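Hi,

Here is the structure I promised to pass on. Have a look at it first, and my notes follow below.

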Amino acid sequence: MIRIILPPHLRTLAHVNGEVKLEVKGQVTQRSVLDALETSYPMLRGTIRDQVTQQRRDFLRFFACQQDLSNELPDAPLPDAVATGTEPIFIVGAIAGG
Amino acid sequence: MSGVRLLVGTHKGAFILTSDDKRERWDVKGPHFGGWDIYHMKGSPVDPDRLYASQCSGWFGQLIQRSNDGGKTWEPVGNKFVYDGVPGTHLWYDNTPHPWEFKRVWHLEPSLTDPDTVYAGVEDAALFRSTDGGQTWQELPGLRGQGSGARWHPGAGGMGLHTILLDPSHAERIFIAISAAGVFRTDDLGKTWRPMNRGLKAQYIPDPNADVGFCVHRIAMHPSRPEVLFMQLHWDVMRSDNAAESWQEISGNLPTDFGFPIEVHAHEPETIYVIPIKSDSEHYPPEGKLRVYRSRKGGYEWEALTKGLPQRDCYVDVLRDAMAVDSLESCGVYFGTTGGQVYASIDDGDSWNPIVRDLPAVLSVEAQTLP
């Protein structure tokens, strides 16, 4: 079970409280996690990554296990602790503006 | 009992203001989508409880929300806006080619006849249409493909398609306006388009015969007379009496002819309203006095409407989509400011009262007259 912590606006949009827990088939990567997330919560399509290019939105970052994974390749395996559900993956809005 | 519903989009959410036909007491609901920019909301003319809203954020991109109960509840619908074919380039601020990139939806215009059909004006400028209630969107590519798209460039606020006027007497005629490209018209429901900017002038365009490049801020029509159009150009207030084939200046005695919104009285096609703003580098009312100007003669001669509006120390702006009229017997006129006030007049503009004073910066106001 993968654990995902969404930023507050996306929790509101997806009508979830706290963590999202998802089953991810196959290798656990950014792409497979986001595919599973968007399948379960289709209202999130386009809010985390562009629907056409699949690029991460500029002002969002991915963190897990105290590492910034934002610039990892989409198909790179996520840390074992994420894959086993020991640690959550955080989707964080960049601090911008005043 | 008849009444009015105001759809107010702000920098931090959507608000819905309702009143009976007296328009003395208002119920304020919101924020919906708190924390998000709501560029625009509009209801279907044939089903007033069908509303569409453009919700966006620098972090999370674009969403479209739809309501089937007059804004009590909402559901996100389709938000995939993909330009048709290879998007190509337009001009950037420095006149270099810049690729077309979707950024946000500035304006939503529901069909006059079908609640499931709605048009979206987007940045970078293009026109999209949905025929399934906003679930899917298709570009009308003839507009960008009209031939001049590579010469369009953004205004200071971006290159947005901000005005969509559906002609009630010609089902296949649509006028749109883009900042800073100008006005375009289709007579075949979006297949082909022509630039309609003859008579417009701009200091930054030396060519007197330029067909595009104009920073049109807003155009408006009265539904009973769709061949007559009114325009707030960047500088200059203009009118056309031939469905935008040509334009003439009607700024007359306005204290400044810079501004953003322009509206037409619901029952008097020659009565129009503008809100003069000091200049393009000083986006606030001249002399710190918030004044609506009304012409009852279709332009040229204007009178200041000040009763109930702040006449000192007022430095708010009123954006292009933030003025609207209702169609009750005594026409209501409404506008919202970047200071968060929404003002209402129920006597053609003679006097004004604030409905609310402390909303987030108002981006858009639409008025629905309810049966």
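Which residue is the bridge partner of Gly9(B) in E2(B)? The partner of Gly9(B) is Ala14(B).

A word on conventions: this is a predicted model, where local features need pLDDT of at least 70, side-chain atom pairs count only at pLDDT 80 or more, and totals for chains, interfaces and linings use all residues. Residues are numbered from 1 along each chain as its sequence is written, while chains are lettered from A and ligands numbered from 1 in the order in which they are written.

Let's start with chain B. Strand E1 (residues 3-10) and strand E2 (residues 13-20) of chain B pair in the antiparallel sense over eight bridges, and two residues sit between them in a hairpin. (Strands, E, at least two residues, and helices, H or I, at least four, are DSSP runs numbered from the N terminus; two strands pair if DSSP finds at least two bridges between them.) E1(B) is also joined by eight bridges to strand E30 (residues 362-370) of chain B, again antiparallel, with Arg5(B) opposite Gln368(B). Seven of the eight residues of E1(B) are buried, so this strand is largely enclosed by the rest of the structure. (Buried means 20 or more other C-beta atoms within 10 Å of the residue's own, with C-beta atoms placed from the backbone.)

Now chain A. Three helices and five strands make up its elements, in the order β-α-β-α-β-β-α-β from the N terminus. Of its 98 residues, 26% are buried, and its C-alpha atoms fill a box of roughly 35 × 25 × 25 Å along the principal axes.

Enjoy exploring!

How values were computed: A residue is buried if 20 or more other C-beta atoms lie within 10 Å of its own, exposed if 12 or fewer, and partly exposed in between; C-beta atoms are placed from the backbone.
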